[in-house]
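The sequence and the coordinates are shown first.

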Number of protein chains: 4
Amino acid sequence: MNVSSTEGLFAKLAAHNSLDKLNAALDAGEAVLPPSSLYAYAAIDAGFPFVDFTPSTGARLPALEELAIERGVPHAGSDGKTGETLVKTALAPMFLSRNLRVRSWAGLNLLGGGDGLSLSEPNRAAAKLESKARSLDEALGYETDHPVHIDYLEDMGQWKTAWNHISFEGFMGTSMKMQFTWEGCDSALAAPLVIDLARLTSLAHSSGKSGALPELAFFFKDPAGTEEHRLSHQFHQLVTWAGQLTKRA
Amino acid sequence: MNVSSTEGLFAKLAAHNSLDKLNAALDAGEAVLPPSSLYAYAAIDAGFPFVDFTPSTGARLPALEELAIERGVPHAGSDGKTGETLVKTALAPMFLSRNLRVRSWAGLNLLGGGDGLSLSEPNRAAAKLESKARSLDEALGYETDHPVHIDYLEDMGQWKTAWNHISFEGFMGTSMKMQFTWEGCDSALAAPLVIDLARLTSLAHSSGKSGALPELAFFFKDPAGTEEHRLSHQFHQLVTWAGQLTKRA
Amino acid sequence: MNVSSTEGLFAKLAAHNSLDKLNAALDAGEAVLPPSSLYAYAAIDAGFPFVDFTPSTGARLPALEELAIERGVPHAGSDGKTGETLVKTALAPMFLSRNLRVRSWAGLNLLGGGDGLSLSEPNRAAAKLESKARSLDEALGYETDHPVHIDYLEDMGQWKTAWNHISFEGFMGTSMKMQFTWEGCDSALAAPLVIDLARLTSLAHSSGKSGALPELAFFFKDPAGTEEHRLSHQFHQLVTWAGQLTKRA
Amino acid sequence: MNVSSTEGLFAKLAAHNSLDKLNAALDAGEAVLPPSSLYAYAAIDAGFPFVDFTPSTGARLPALEELAIERGVPHAGSDGKTGETLVKTALAPMFLSRNLRVRSWAGLNLLGGGDGLSLSEPNRAAAKLESKARSLDEALGYETDHPVHIDYLEDMGQWKTAWNHISFEGFMGTSMKMQFTWEGCDSALAAPLVIDLARLTSLAHSSGKSGALPELAFFFKDPAGTEEHRLSHQFHQLVTWAGQLTKRA
């Protein structure tokens, strides 16, 4: 379970595209993997499921998917959906189903703690923001203007406050607005997801699943193996899938 | 389509319980129905579908359900879900599926216009507030503290701003908060729903449906014939049902 | 220092208008004073300054003012300005000085604790709301639409959250909005004011002041002896007055 | 009156330090002044007061101050205080006078229109943000964590919405919060200030004033010739000063 700080963006390399190429590069001592992917490699190679709760690269490389299938090991990720994005993916389907076109969706995240400090480095923030941005576009099904900022405020400690401003268009072009603030304790929001992910990947493993688990999309901002971001759809998939695992086990 | 101002609460009477009793009372000249129900009676009796976009009594009486079945006429209601309750029923499933227990959910609605003015009468507001309250309890599956206020502010005109404050409990009892404001133009939010309801009840009628249509719950704060308030479930039901109607027609 | 729960509104009686009449009524065993005023009488009569940190009647009766002057004792009140009204009286002068006319100013206060519980009784809330309403009208210099609600939410504990929605008019009638939320711990906001009031009334007493002290308006929602509600003006008065006291003492 | 788009930051040069050096550099054809300062030079040299409603350099150079004194011409600036900063400088004195220490004050500004577009260029935004930041520090009298962001959202048009999140510390270190949103029409907020500035600088000119006018600080985010940012103090100064001008004229 990778719950370390977010890594900076890591370049895409040819060595990532197949297990053979990756092994050759590693044998040659080339620095082709970021730490999160080295850990993922080690865990999967040793026969353990791997979960990436951060937006770091982790197991999301074709070469590591190959390894996971080969070893019969499941993995899941990326980037735990605990606050602003959780709300976004609960609200976006509302706008969609009522045909209220979202014109812009802007957000500011204020947080302290170690996570906030590490995200005050622009390269690490870039990885996080890319993950956040994708989920809204994919949930809505169209691109919208959606700037997002992250600020480290030391005095916030473990707490995070996000403000979102949504401008949307209704009947006959009427412009309307919604705003929300979310004041959450990141650790208290993440901990139960981490526990459930440990249980569910372990159950998937013992049920013979391997490779990426798209049915765990409910937990992630940027789910591997699926473009489904709508929260209630993800929950329905999770419950259905988990029910079947239980029966089989 | 009843889009008149909200009526005050009307007493429940024995004459409402069957069509025979109701007809007897009406024949005797007794004032046993509020205006919305007289209109509903007239419409249904004349073979036209009836939709109540307000929280008024309308067709929601056993005697009128009997009449609707007899005449082969569908009806739907009550109380168009256009703003605060729309958001509530999109967000409540998020808290439920993440096991974040809602401790309290308080709201203040500010609105002008004719609707705002009529709701500044306490008896009419009571009807509206009862309809609003039920939807949250039923969406969450448990009772929570949820005071709601409505204030008429002349200067708001056709616009409505609602603030909601949600206090919820996470892992190990951690208390967290969410707030939202919704700034909507009531007419622009209601108009497309009214049009869709006209089309859908007409289609249902020509497909041979009669009596209350719970599959139209998506449109209402207090849907007739169902306790399903979760917005995405309502939308799924609507789309499935409408697809089948289309095929049959 | 009266920091007990807010009393309900108490009727105005002829016995309140002079010390003679009051003493006669009390001697006759008539219940002409609420508890807060009995305490105020006792304190002042015994030669001690009295401060009312609540909106209860306390020392604000002509008869008790007479007693205070006679005994050479100062008193101050009413209703500590710790949250929503503090912000209102800081912001209202901004709108005034920029000639931005306030069309409406609506608020909802959510609070728990003993104070919240006692204010869930309508008669006690009425006393509080009257005190809150006056301060805005007097700070703006004109009447505006300003409904205010107080809700007791058990789960808020000692904390209070207030939302205010301000609609104002600018150049050529342009309608604009401001909203704020204030999340404060009532005890932590009140305690230092209570300490400062104890020090300042004691200092005023030893400097020979008696009767109501309008220069302490800075601390109160409904200051005795003045209609000055603008926060920065109140602060300037306080600092000037306190500086003179110190020199004289 | 400079109401053009904000310029990027312009380097400080030796030629700015005296009128002789500036004239020499201009005579030599050197590009030592940004457009706003060239306009200021031309206006002042021709005997007309100059007002900078933007954060651009304008008349704020020692060499141009010298010219203004020489020509007997007053000037004022910089950067019209119309929204977020207006509120900041009304609220900051409230926190100060109640000894509520501000731990952090974060903000996000969303705006469309030509001003928003020009501020989406990082170099121009830098000039604006520097002007915004200074005013809070100087109003509070100490430095606090106060990140500010500006986002251009095309769909906002002439409107601007700002969200501010203030974290402050009360009695015994209790951490509390205030948030506000301001939804204003920039043009409607700026226009009356521009008109008043034209009247007041004209009156000052005819009363014999020359050089920077610190008494007009009320209108600006970054007032020339003073560090007074507290709104009510600025208003008091303005009214006093204008009253004296009128008498003298």
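This is a predicted model: local features need pLDDT of at least 70, side-chain atom pairs count only at pLDDT 80 or more; totals for chains, interfaces and linings use all residues.

How many bridges join strand β3 of chain D to β4(D), and do the two run parallel or antiparallel?

## Strand pairing in chain D

Strand β3, residues 101–111 of chain D, is joined to β4(D) by five bridges, and the two strands run parallel. Within this pairing, D:Asn109 is the residue that stands opposite D:Ile150 of β4(D).

Strand β4 itself covers residues 148–152 of chain D and is mostly covered, with four of its five residues buried.

## Fold and dimensions of chain A

Chain A contains eight helices and seven strands. Its radius of gyration is 19 Å, close to the 18 Å that the globule rule gives for 249 residues, so chain A is as compact as a globular protein of that length. The C-alpha trace of chain A spans about 60 × 45 × 35 Å along its principal axes.

Contacts in chain A can also be sorted by sequence separation. Of those between residues at least 6 apart in sequence, 71% join residues at least 24 apart.

Buried residues account for 57% of the 249 residues in chain A.

As for charge, chain A carries 29 negative and 21 positive side chains. The centres of these two sets lie 8 Å apart.

Notes. Residues are numbered from 1 along each chain as its sequence is written. Chains are lettered from A and ligands numbered from 1 in the order in which they are written. Side-chain values use heavy atoms; hydrogens and water are left out. The radius of gyration is taken over C-alpha atoms; the globule rule is 2.2 Å times the number of residues to the power 0.38. Buried means under 20% relative accessible area, exposed over 50%, partly exposed in between (1.4 Å probe, protein chains only). Contact means heavy atoms within 4.5 Å. Lys and Arg count as positive and Asp and Glu as negative; His and the chain ends are not counted. The place of a charge is taken as NZ of Lys, CZ of Arg, CG of Asp or CD of Glu. Two strands pair if DSSP finds at least two bridges between them.
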